[in-house]
Amino acid sequence: MSASPVADAIHAAKAAQGGALIGYLPIGFPDLEQSVEAAVALVEAGVDVLELGLPYSDPVMDGPVIQAATQAALVAGFRVKDVFTAVRAVRERVRAPILVMTYWNPVLQYGVERFADDLKAAGGAGLITPDITPDSAADWLAASERAGLDRVFLAAPTSTDERLRLAAAHSRGFVYTVSTMGITGARTDVDAAARTLATRLRAVGADPICVGIGISTPEQVHDVLRYADGAIVGSALVKALADGGVSAVASLAAALARGARDTPSLAD
Amino acid sequence: MALRDGEGPFFGEFGGRYMPESLIAALDELSEAWQAAKLDPEFAGELAALHRTYTGRPSIITEVPRFAAHAGGARIILKREDLNHTGSHKINNVLGQALLVKRLGKTRLIAETGAGQHGVATATAAALFGMSCTIYMGEVDTKRQALNVARMRLLGAEVVPVTNGSRTLKDAINEAFRDWVANVETTHYLLGTVSGPHPFPAMVRDFQKIIGEEARAQVLELTGALPTAVAACVGGGSNAIGIFHAFLDDPSVKLFGFEPGGFGLDSGKHGATLEMGRPGILHGNRTYVLQDEDGQTMESHSISAGLDYPGVGPEHAWLKDLGRATYRAITDDEAMQAFRLLSRTEGIIPAIESAHALAGAIQLGHELGPDAVILVNLSGRGDKDMETAGRYFGVLDEGGAEQ
Ligand SMILES: Cc1ncc(COP(=O)(O)O)c(C=O)c1O
């Protein structure tokens with residue numbers, strides 16, 4: 001197993017503060033320059049790992065907030081090559097590892113090998129792929145292996161144990177634990193299903209595991225980090241950026257990071 | 001291997017299952033239920049009985065000599081899916097899936113719809129089986145097929161206008177997938193065409209292949225021979241694969257699919273996925289897709305809501321690459337002229353979707369000559385299109401529709 005910058009960052013955050021905070025923002029929203037500023041601000045506010053989204057025309061796993069932002073990025077002229085520009089620009093300023101969250105067709109059209117090479121050259125750590133599973137991803141498994149990139153697959157409450165094993169065996173960086181049956185968007189309750197799924201993932205050897213979808217408050221981050229290694233926040237950050245710009249997203253990130261730091265490092 | 005034996009997940013290099021993990025369990029459950037049902041004579045019996053007593057199958061064939069006189073004199077025979085209950089071929093697939101849903105114990109149906117025909121068929125099945133029903137329909141389509149929106153609501157379905165993206169069929173499919181992810185425990189996504197992730201392309205094909213199986217026997221009985229060519233319109237491709245399938249291993253029978261050419265292929269405003277697209281992934285399967293250089297799906301255009309889709313079923317992508325079927329584009333105007341021609345020469349008002357196949361048959365008649373026998377899938381009736389057609393010809397024939 002080759003080293004994973006993302007797993008390292010998560011383990012380090014866990015040792016230092018009880019767990020990692022992972023923040024999602026789309027690239028190119030509201031424009032390329034400000035998306036870079038916002039990503040840098042997240043890290044400066046205490047986000048441990050960045051998840052930068054590649055805007056796509058048909059985002060079936062995304063709720064209204066992220067749909068609106070990625071649609072706006074596309075209307076504003078986002079191009080796939082902007083991903084590498086943005087990753088490079090963020091990495092020049094902050095050290096947190098960057099995963100690109102992307103639906104599969106844009107990578108396929110760019111060329112899987114070429115995308116892997118260009119992402120690696122830009123300083124990216126790997127990909128989160130919401131609409132392909134390990135059993136449909138032979139070309140990405142090969143390319144990520146060759147280029148030394150992390151690859152994060154999803155695990156869902158409805159996944160069988162056999163499929164959890166598949167996700168655990170093929171993921172590197174972390175396993176994305178889908179908290180609830182649904183699409184991205186803030187929820188008042190993060191499902192009890194998340195805790196059950198995290199336990200099932202541990203049992204099949206997944207490490208580290210991070211929980212995402214629906215997490216929007218410092219309290220939810222705090223709760224999730226009692227049983228998971230990382231908490232992923234998306235829509236709430238995107239909404240803050242859309243409503244109040246870079247300063248608003250930075251202050252939300254700082255509050256979320258306090259939620260992460262308050263976590264006792266011994267899980268109860 | 002016979003061409004008819006394709007069972008998925010892959011048709012050549014096309015098809016597959018590129019889907020969020022959250023939906024894999026439901027797709028596996030559906031695949032298993034379908035495999036079991038295929039071997040179960042009771043399932044086949046139930047579906048056949050419904051088709052006999054509810055759909056009105058077998059649908060008849062009608063030879064249309066007055067229309068054919070405008071097509072180089074070839075014999076033209078229509079397979080009358082327009083006479084099915086609810087007005088199109090969509091009911092064939094809907095009743096099949098609804099029976100499966102009963103076996104799965106789910107109580108809610110969701111579906112996408114473009115022209116509204118699939119939505120109407122799904123709402124109908126929900127009423128018949130006592131299930132609840134939500135239909136996603138692009139906002140553009142709720143306007144141009146307003147009559148079908150009213151039909152769905154009368155049948156007790158909730159119709160949700162989809163306002164994101166291009167506000168047409170592809171966005172309705174996205175929205176249906178989002179609903180399904182959140183409600184998969186109680187809900188079945190009754191996909192309306194031979195697209196989407198496995199098992200949908202093969203399963204929907206199996207529910208639609210009855211069209212070609214009936215028509216092959218009916219044409220043989222009428223003419224004593226197989227047809228020279230078979231023509232159908234292609235949106236997602238379900239009526240086309242439905243009529244093609246029985247003929248796939250009859251090499252003498254030429255197969256033609258007609259895609260929406262919109263304002264013309266040069267205009268950039270069309271839905272001619274197989275002619276102008278390139279392979280990619282859309283809605284869970286690898287197929288031809290209308291997409292830009294970056295792999296962003298492009299907006300399709302067609303006067304016909306049911307064909308206005310930038311993807312196409314993977315089995316068609318395979319048949320195209322094999323050279324077994326030929327796909328061509330028919331412009332909005334060619335389709336509308338054929339729409340009016342069939343109405344005036346034969347007293348049959350086709351759906352605008354089906355009018356693309358009729359326009360294609362006129363071309364084929366001229367090419368293949370008077371000895372040819374052309375079987376056309378008349379996939380639906382035009383009642384839903386009266387407003388579009390009225391406006392279309394009102395504009396063209398300003399002041400006198402009587403020329
Ligand atoms: C009458 C009719 N024909 C054809 C189609 C296109 O679908 P498909 O290509 O799946 O047959 C539709 C879709 O709404 C339709 O209503």
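**Reading a predicted two-chain model**

Visitor: Where is the place of B:T86 in chain B?

Guide: B:T86 sits in the loop that runs between β4 (75-80) and α4 (90-104) of chain B. Helices (H or I, at least four residues) and strands (E, at least two) are DSSP runs numbered from the N terminus. This is a predicted model, in which local features need pLDDT of at least 70 and side-chain atom pairs count only at pLDDT 80 or more, while totals for chains, interfaces and linings use all residues. Residues are numbered from 1 along each chain as its sequence is written, chains are lettered from A and ligands numbered from 1 in the order in which they are written, and side-chain values use heavy atoms, with hydrogens and water left out.

Visitor: What is the phi of B:T86?

Guide: Most residues other than glycine have a negative phi, and most peptide bonds are trans. B:T86 is not a glycine, yet its phi is positive, at about 75°.

Visitor: How many strands does the open sheet of chain A have, and in what order?

Guide: Strands of a sheet pair through backbone hydrogen bonds, either parallel or antiparallel. Here pairing requires that DSSP finds at least two bridges between two strands. The open sheet has nine strands, ordered β5-β4-β3-β2-β1-β9-β8-β7-β6 (chain A), and the pairing is parallel.

Visitor: How many salt bridges does a search of the whole structure find?

Guide: The rule asks for a side-chain nitrogen of Lys or Arg within 4 Å of a carboxyl oxygen of Asp or Glu. Over all chains, 45 salt bridges are found. One of them joins A:R202 and A:D229, at 3.0 Å from N to O. This pair links distant parts of the chain, 27 residues apart: A:R202 in helix α9 (residues 192-203) of chain A, and A:D229 in the loop between α10 (218-224) and β9 of chain A.

Visitor: How many residues does each chain give to the contact of chain A and chain B?

Guide: Contact means heavy atoms within 4.5 Å. Chain A gives 33 residues and chain B gives 30 residues. Buried area is the accessible area (1.4 Å probe) that two parts lose on being put together, summed over both; here it is about 2,600 Å², with 48% on carbon and sulfur atoms. A:D58, A:V60 and A:Q109 supply 21% of the area that chain A buries against chain B, more than any other three residues. Four salt bridges cross this interface. A:D58 forms a salt bridge with B:K170, where the closest N and O atoms are 2.8 Å apart.

Visitor: Which residues come nearest to the ligand?

Guide: A residue is near a molecule if one of its heavy atoms lies within 4 Å of it. There are 19 residues around the ligand, and B:T193, B:G235, B:G237, B:S238 and B:S379 come nearest.
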